[in-house]
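These are my notebook entries on one protein model, written down in the order in which I looked things up. I begin with the structure itself.

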Amino acid sequence: MAPRPRRPAAFLDRDGVLNEDVGYAHQPDQIRWIEGAFEAVRSLNEAGYYVFVVTNQAGISRGYYNGQHVESLHRWMNDRMGEFDARIDDFRYSPFHPEFDDGTHAHLAHWRKPEPGMILDLMEHWPIKKTGSFLVGDRESDMVAAKASGIPGHLFSGGNIANFINREITQLRDLKVLK
Ligand SMILES: [Mg+2]
């Protein structure tokens, strides 16, 4: 297999960015897509971005669901993306919550946003060009995680996520950060 090319990456929070944050969604019938979700990811694919999801899933520490639920939901989400020619390259989720974990996930405490562990792990496993990379999230903890990993964070407060992402891509092109 040819080595993967070095590219900038878009790190997307999941709940509140790709799907409505209804609280502890872990199965397909709980997913209400944010307007423009498929188009946003496809735009990033076409602009030459790696697209990653970085999501806190404390529902695991709370015992509401487990990692297999999250992983099969993510496969389902990516299958829906595929129907629109969009692709998420990889996912990271943080199962840990400091108040509810019984110790099982304590080794992943640094993955829970506002900690940057999930982003840093992706940066280790993928050939990411930091210039042009960014994160989109709907909470301050997302912004803190972005800053701690050395990339800009953009706060999405609702509306059409494709418009939001396309504005960002256009700006980076105008600044000559992207071709
Ligand atoms: Mg969120």
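Where is proline 114 found? I located proline 114 in the loop between strand 3 and helix 3, where helices (H or I, at least four residues) and strands (E, at least two) are DSSP runs numbered from the N terminus. I also noted that lysine 113 and proline 114 are joined by a cis peptide bond, with omega at about 20°.

**Entry: what kind of model this is**

I wrote down that this is a predicted model, in which local features need pLDDT of at least 70 and side-chain atom pairs count only at pLDDT 80 or more, while totals for chains, interfaces and linings use all residues. Residues are numbered from 1 along each chain as its sequence is written, and side-chain values use heavy atoms, with hydrogens and water left out.

**Entry: the loop between strand 3 and helix 3**

I stayed in this loop to look up histidine 105, which also has its place between strand 3 and helix 3 (117-125). Histidine 105 has a relative accessible area of 18% and is therefore buried, since buried means under 20% relative accessible area, exposed over 50%, and partly exposed in between (1.4 Å probe, protein chains only). Not counting residues up to four places away in sequence, I found that histidine 105 touches Ile60, Ser61, Pro95 and Phe96, where contact means heavy atoms within 4.5 Å. From histidine 105 to glutamine 171 there are 66 residues in sequence and 39 Å in space, C-alpha to C-alpha.

**Entry: helix 2**

I checked the length of helix 2 (residues 67-83) next: its 17 residues should span 24 Å at 1.5 Å a residue, and the end C-alpha atoms are 25 Å apart, which agrees; the expected span is 1.5 Å times one less than the number of residues. Which residues of helix 2 are buried? I listed Gly67, Val70, Leu73, His74, Met77, Asn78 and Met81. Seen down the axis of helix 2, these buried residues fall within an arc of 135°, so they line one face of the helix; the arc is that of the directions from the helix axis to the C-beta atoms.

I then picked out valine 70, which has its place in helix 2 and counts as buried because its relative accessibility is 1%. Leaving aside neighbours within four places in sequence, valine 70 is in contact with Gln57, Ile60, Tyr65 and Tyr93. One of these, isoleucine 60, is 10 residues from valine 70 in sequence and 8.9 Å from it in space, C-alpha to C-alpha.

In helix 1 I looked up asparagine 45, which counts as buried at 15% relative accessibility. Not counting residues up to four places away in sequence, asparagine 45 touches Val51, Asp85, Ala86 and Arg87. In strand 5 (residues 153-155) I turned to histidine 154, whose contacts, apart from neighbours within four places in sequence, are Phe134, Leu135, Val136, Gly137, Met143, Phe164 and Glu168.

**Entry: two positive phi angles**

Tyrosine 24 is not a glycine, yet I found a positive phi of about 60° there. Tyrosine 24 lies in the loop between strand 1 (9-12) and helix 1 and is partly exposed, with a relative accessible area of 34%. Lysine 176, in the segment after helix 5 (161-174), has a positive phi of about 65° although it is not a glycine; at 71% relative accessibility, lysine 176 counts as exposed.

**Entry: the largest pocket**

What is the volume of the largest pocket? I noted about 380 Å³. A pocket here is an open set of points on a 1 Å grid over the protein atoms alone, where a 1.4 Å probe fits, with protein on both sides within 12 Å along at least five of seven lines, and lining residues have an atom within 4 Å of a point. Of the 19 residues that line the largest pocket, the closest to its centre are Asp15, Asp21, Asn56, Arg112 and Arg139. Strand 2 (50-56) and helix 4 (140-148) each supply at least two residues of this lining.

Definitions and conventions. Grid points are joined across faces, edges and corners, and a volume is the space filled by probe spheres set on the points.
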